[in-house]
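Me: Please take me through the terms used for this model, and set each value against its cut-offs as you go.

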Amino acid sequence: MSFTYRGLEAVLERHLVAGEEVDRQLERVRQQNPRIAAVTDRAAQLGDELVLDYAGFCDGEQFAGGTAKMQTLVLGSGMFIPGFEEQLVDKVPGEAVTVNVTFPESYHAENLAGKAAQFQCVIHEIRVKTQYELDDVFAKEIGGCETFGQMWEKMRSSLQAYSDDRGEMDLQDRLLRQAAETLEFEPTEKQISAELDVQMENLSAQLAQQGLNLDMYCQFLNTTREQLREDARANAIQSIRCQAAIEEIVSAENLEATQEDIGEAVAVVARQNKMTVEELKPYYDAQFEAALIRSVLTSKVMRLIRDAATITEKEA
C-alpha cells in the first residue's frame, strides 16, 4: 500500500472565546451552586433544607434501611414517605421529633408495605438556599479567587484552553482522514459488517445511558434499524481506512508503545474515571492493555502527521 501522510495541508481555525461566552458560563456556575446559609432565628418551613438523623421503627422493631445520620432533606420535596416532611415543619435544631407515617400499599419493601411506622428524628441544622450575586463573595466561595475579576479571567482562560484543545483534536482528525483518503486500500464486506456491528453496539450503549434503546431511537427518527445501519456505512468505511492508515504508518515509522507510554495512558484512564492506578489494576487484562496500546500508537501517528503537515492558522 502507498499513500501520503507527510506534507499534508490544513487550516487550524482558532475560536477566540468572547466575553458573552464567559458570562454565560459563569451564570451556569451560579445556577448550579446555590448559596447555603444556616437559619438560627426561626423554626423550619417548607422549602428549607434540614440536616437530621432518623431511625425507623415498625411494630416496635427498628427496620433495615430506615436509619441515617446527617441526612439532608428539603421540606416539601416529596422525597420521603407521604406525611413525613410535613411533620418536621415548625421544628427547631436540637429538637427530637417522632414522625408517624404509614407506608404506601405499593411500597417496594413488602415487609413494610401498608404498615404504620415511627421515625425518631433529631434535627441538627436548618438551611436555606439563595442565589449568589456575581461578585467577590461568589468568586471566593465558589471560584477560589480573591475577586470576581480574577474568576472571570480564570473562566475565560479555561474556556479558551478547552476550545483550543477541541480545535487541535479536530485538526489532527481531519489530517488523519486526509491521509487515509490517499491509501490504496478497500475494506472487505466482512470488515465493514464487523465495524457496523461495533458502531451499533456503541450507539446502543449511549442510548442506554439515557434510558433509551435502538427501537425507541428509530421510532423517534422515523427510520428502521436496517436504514440506520446503512446510513452508518460510509462512516464505517472511513473508520476502517483510518485504522488501516494508522497500522501502515506504525509499521513504516517503526513506532511502538513503550512501558512508559502505557503507564502514562493508565494514569490518564484512572484520572478520567476518578480512580487510583491501584484501583484500576483489577480491570487490567490483555484486552485492556491492547486497547491502551492502540490508543498510544494512534496518538503517536496523529502527532507525527500533524508535525509533518503545513498548518495555516486562522482566527474564527
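This is a predicted model: local features need pLDDT of at least 70, side-chain atom pairs count only at pLDDT 80 or more; totals for chains, interfaces and linings use all residues.

Reply: A residue is called buried under 20% relative accessible area, exposed over 50%, and partly exposed in between, with a 1.4 Å probe and protein chains only. Residues are numbered from 1 along each chain as its sequence is written, and side-chain values use heavy atoms, with hydrogens and water left out.

Me: What makes the pair of glutamate 153 and arginine 156 a salt bridge?

Reply: The term asks for a side-chain nitrogen of Lys or Arg within 4 Å of a carboxyl oxygen of Asp or Glu. Here the distance from N to O is 2.8 Å, so the pair meets the rule. Both residues lie in helix α3 (residues 148–181), three residues apart, which is about one turn of the helix; helices (H or I, at least four residues) and strands (E, at least two) are DSSP runs, numbered from the N terminus. Glutamate 153, at 35% relative accessible area, is partly exposed.

Me: How many salt bridges does this rule give?

Reply: The count comes to 22 salt bridges. One of them joins the side chains of lysine 129 and glutamate 49 at 3.6 Å, N to O. Because lysine 129 lies in strand β6 (residues 116–130) and glutamate 49 in strand β3 (residues 49–58), this pair ties together parts that are 80 residues apart in sequence. These two residues also belong to a network of salt bridges that links Glu49, Glu125, Arg127 and Lys129.

Me: Is glutamate 49 called buried or exposed, and why?

Reply: Its relative accessible area is 8%, so glutamate 49 counts as buried.

Me: Which residues touch the most other members of the largest nonpolar core?

Reply: A nonpolar core is a set of buried Ala, Val, Leu, Ile, Met, Phe, Trp, Tyr and Cys residues joined through side-chain atoms within 4.5 Å. The largest one has 30 residues, and Phe3, Tyr5, Leu175 and Ile305 touch the most other members. Two or more residues come from each of β1 (9–14), α3, α4, α7 (233–253) and α10 (286–307), with the largest share, eight residues, supplied by α7. A second, separate core holds 25 residues, including Leu52, Tyr54, Ala68 and Val99.

Me: What does leucine 175 contact, leaving aside its neighbours within four places in sequence?

Reply: Contact means heavy atoms within 4.5 Å. Leucine 175 is in contact with Leu8, Ala10, Ile305, Arg306, Ala309 and Ile311.

Me: Why are α1 and α3 called roughly perpendicular?

Reply: The axes of helix α1 (residues 19–32) and α3 come within 10 Å and cross at roughly 110 degrees. Axes are lines fitted to C-alpha atoms, for helices over the stretch in contact, and angles run from 0 to 180 degrees between N-to-C directions. Angles under 35 degrees count as roughly parallel, over 145 as roughly antiparallel, 65 to 115 as roughly perpendicular and the rest as oblique, and therefore α1 and α3 are roughly perpendicular to each other. Among the residues that make the contact are Val22 and Leu26 of α1 and Trp152 and Met155 of α3. The residues of this contact divide into eight nonpolar, two polar and three charged, where Ala, Val, Leu, Ile, Met, Phe, Trp, Tyr, Cys and Pro count as nonpolar, Asp, Glu, Lys and Arg as charged, and the others, Gly among them, as polar.

Me: Where does lysine 300 lie, and what does lysine 300 touch beyond four places in sequence?

Reply: Lysine 300 lies in helix α10 and touches Leu255, Glu256 and Asp261. Lysine 300 and leucine 255 are 45 residues apart in sequence and 7.7 Å apart in space, C-alpha to C-alpha.
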